Amino acid sequence: MSDATAAAQVTPRANPIKTLFIRVGVLPFFLGIALVVFSFMSDKFLTGQNLMNVARQSVYLVLVSLGQMLVLVSGGFDLSVGTAIALTSVASALSMTWAAGVFDSVFLIIATGILAGGCVALIVGLINGVGVAYFEVSPFIMTLGVSSVGAGLALFMTGGIPISGLPIAFGDTFGFGKWFGVPVPVFIAVICIVVMWLMMSRTTLGTRIYAVGGNIKAAHLSAIDTKKTLVLAYVLCSLIAALTGVLLTARVESGEANLGGTMALESIAACVIAGVSLRGGIGRVQNVVLGAFFIVMVQNGMNIARVSSYMQMVLLGSLLILAVIFDQMRYRMIMRGA
Amino acid sequence: MTLPLLTTHNLTKTYPGVRALDGVDFDLMAGEVHVLFGENGAGKSTLISMLAGANTPSEGKIYLDHHEVAFDSVARAKAHGVYTVFQEFSLIPTLTVAENMFLGQEPRMGILIDHADMRRRAQEIFDELGFPISPTAQVSTLSRAQQQMLEISKAFHGDLKVLILDEPTASLTEREVDHLFHFIDRQKAKGVGIIYISHRMQEFKRIADRITVLRDGAKIGTVEMAGTDEAALVEMMTGRQIADIYPTIATTPGDVVLEVADLATLGIAPSSLRLRRGEVLGVAGLVGCGKSRFFRAMMGLGPRRSGTVHLNGHDITGLPTREIIRAGLYYLSPDRKHEGLDLAKTSDENLALNVVTSGAPVKRGWIDWRNVRDTVAGIATRVELPEDYRARRVSQLSGGNQQKVLFGKAFGQEADVYIFDEPTVGVDMGTRAALYLKIKALAEAGKAVIVISSDLPEAINLSHRILVFANGHVSAELPRAEASEDTVLNYFFTESEPVQ
């Protein structure tokens, strides 16, 4: 081959906007537009207190999106995260009310609840992962099916009625408490972000998940256990959703079968907007955190601007589709070599 | 003398870094069978893909009936009466035979498809060809040979001027081949020009009028079949200057490192093999003879029916692929795009994957990225990947540089036996020479190397010993000294029963 022709082909064009778009995706542009638009619509939006508020509210979506990112990077997606949250909420609340009659220690009662929620999520994640990896069911059908099964079970167990009577310390700690002056949910989210960042960038599991999503056959020929890696991605996603479920249960101080209903859509939107590729193999923890923050910020901005919650659904769906269109453009640019 | 039906002038196709077809002038007369002959990668497929409308030329012109034509799609070529039967089938398995035959040009009554007429016309064509296929059968239920027959049959309706057949007899029996040739004769009589690609020289004698030989994308010459013998053709096909790109690899065979006993897989009869350290084993055979499948079964990448595999005396039979790789058997895939590389990642990221999975730079569960970077830099130097290309996404590199990255992945971990499956497919001469030196270095450092190649000179000239596959059998095992291209080619065409 001639080196001159090859070099000519790969010379990067010096367009900073394009370069930024290719590096991080559509998020910085969306974020910028949202900030400008909402500041114009209400002067209460761009205040320190409101942004702190957004940060606190976004904890739950940040957590779920981190899990969703694992599955997206592995080349699939998880529509059942909302169901995992609902099941966790119901299972932990039911077991706490049961444990209240067995143990005296509040600590033991809460621990039982959290453990039960975690176990349920573990099962959900295992079913998803084994179905996708070993039985080769498409992630779409697998997680959609599990989502229906889980939602049905959660409603069946509660009859659709919230389970109240949880230990007061549970809500006071995980819903409204503070550790070292930081709200507990925020504290937990920060720990999760750091752990996830370390896992994706510094451990072989992270490398394996990127490799499986990038090219599963090449990963197989690089001595990677692709099936185990896929199962782990789904299990971890479910477990993080369970953690979110516990935090949300503490926040509403009851076990509810309809918690997390919009989480699947919102978490996928957060990830895609943050540049996680729907084809797998590409995605960064820090961007996903920002992506989730962006979604919650848009919702907050619209609330302040008194946009009806129905119209908010319209906008969220449109944003998701737009983000995917931009993702396709970006992927083509990457492959063509910009 | 009559004027040609179809002509090409200076037809050229370039891909980044590769000149797949280099200024070919070709002509086809009406009522002629013109054979295209050459090794894999000589440019035959590239040439017909442009005549068929599946590919557009980078340079050069195509004339049909003395008018310049530009085929930008297969449909456009068909509309001009140029019909191609590709090696890969374009059948829709969920539809019936008749529906496939008339796809896009269904006979109609008003707005409704006339199924009865469609079946009747399909049956007529099959009767004429002597192909035993039912028009109402679903395509997914047909055997491979029947699907091949259906592909050929699709050509025989409508206004046919030029028929291009790419290895049409690859999966046909003798009887079916007779029927096909009979039909080709009748098309000739009607004035259809036929371009025929095949490796089987017995077939040329029966049907060819002229033969054009291609090599490395260029036309070597066109000869009349009458008065040309096989030896002359083989010489035209393979006669390149080979001395300068193939290194001499010292032979100092050590202990036996790999021992395969009676390994059988789908379509491959039980075969055995022993390999010593320091040895390079060449594996030759036509595309589809099973040479690759045999070694993939050994790696756990395909079903294993029987047999055992021992590496360094340890039984690795039936282990998962990743454990076979860890045990010290490395397999380099022939398909770098689908099985080898993550195209959306950079060269360095691709190289780093195998370094990380080897476990060497992982301390207490944490990856030491500095260590990985140093190792990757060493590998990039070792495979002579230009510094500039290390941070580029692999999708933007030429085939040659992509192949260097793929080779580099093999050096990310220690192995005792390296299996290189088509190591230089789609790679330019300069890179080939560089990659051959890597193989030499491995062998001389006491590793055992297996080179599976459909490129005969490559399989012969790199090796100390040649294994030839034909029809799913090992048809010969020859020491280098006895393996001339002619001898080996003879074993390619050994007639034997295909293995089920």
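In which sense do strand β15 and strand β23 of chain B pair, and over how many bridges? In this predicted model, β15 (residues 280-284) and β23 (residues 465-470) of chain B pair in the parallel sense over 4 bridges, where pairing requires at least two DSSP bridges between two strands. L281(B) has R465(B) of β23(B) as its bridge partner. Residues are numbered from 1 along each chain as its sequence is written, and chains are lettered from A and ligands numbered from 1 in the order in which they are written. Because the model is predicted, local features need pLDDT of at least 70 and side-chain atom pairs count only at pLDDT 80 or more, whereas totals for chains, interfaces and linings use all residues.

The β15 and β23 strands belong to an open sheet of 6 strands in chain B, ordered β18-β21-β22-β15-β23-β24, with mixed pairing. At the edges stand β18 (329-332) and β24 (473-479) of chain B; each has a single partner strand, so one side of each is left without a neighbour in the sheet. On average, neighbouring strands of this sheet are turned by 15 degrees against each other, direction ignored. Helix α9 (residues 291-298) of chain B lies across β15, β21 (417-421), β22 (448-452) and β23, and runs at about 140 degrees to β22(B). Axes are lines fitted to C-alpha atoms, for helices over the stretch in contact, and angles run from 0 to 180 degrees between N-to-C directions.

I450(B), V417(B) and I273(A) have the most contacts inside the largest nonpolar core, which has 183 residues. Such a core is a set of buried Ala, Val, Leu, Ile, Met, Phe, Trp, Tyr and Cys residues joined through C-beta atoms within 7 Å; buried residues have 20 or more other C-beta atoms within 10 Å of their own, the C-beta atoms being placed from the backbone. Helix α12 (residues 226-252) of chain A contributes the largest share of this core, 16 residues. Apart from it lies another core, of 55 residues, including A20(B) and V35(B). Beyond its neighbours within four places in sequence, I450(B) is in contact (C-beta atoms, placed from the backbone, within 7 Å) with residues including L281(B), V283(B), F295(B) and V417(B).

Chain B contains 17 helices and 24 strands, taken as DSSP runs of H or I (at least four residues) and of E (at least two), numbered from the N terminus. Of its 500 residues, 47% count as buried. Chain B averages a pLDDT of 86, and 95% of the residues score at least 70; pLDDT is the predictor's confidence in each residue, from 0 to 100.

How values were computed: A residue is buried if 20 or more other C-beta atoms lie within 10 Å of its own, exposed if 12 or fewer, and partly exposed in between; C-beta atoms are placed from the backbone. Two residues are in contact if their C-beta atoms, placed from the backbone, lie within 7 Å.
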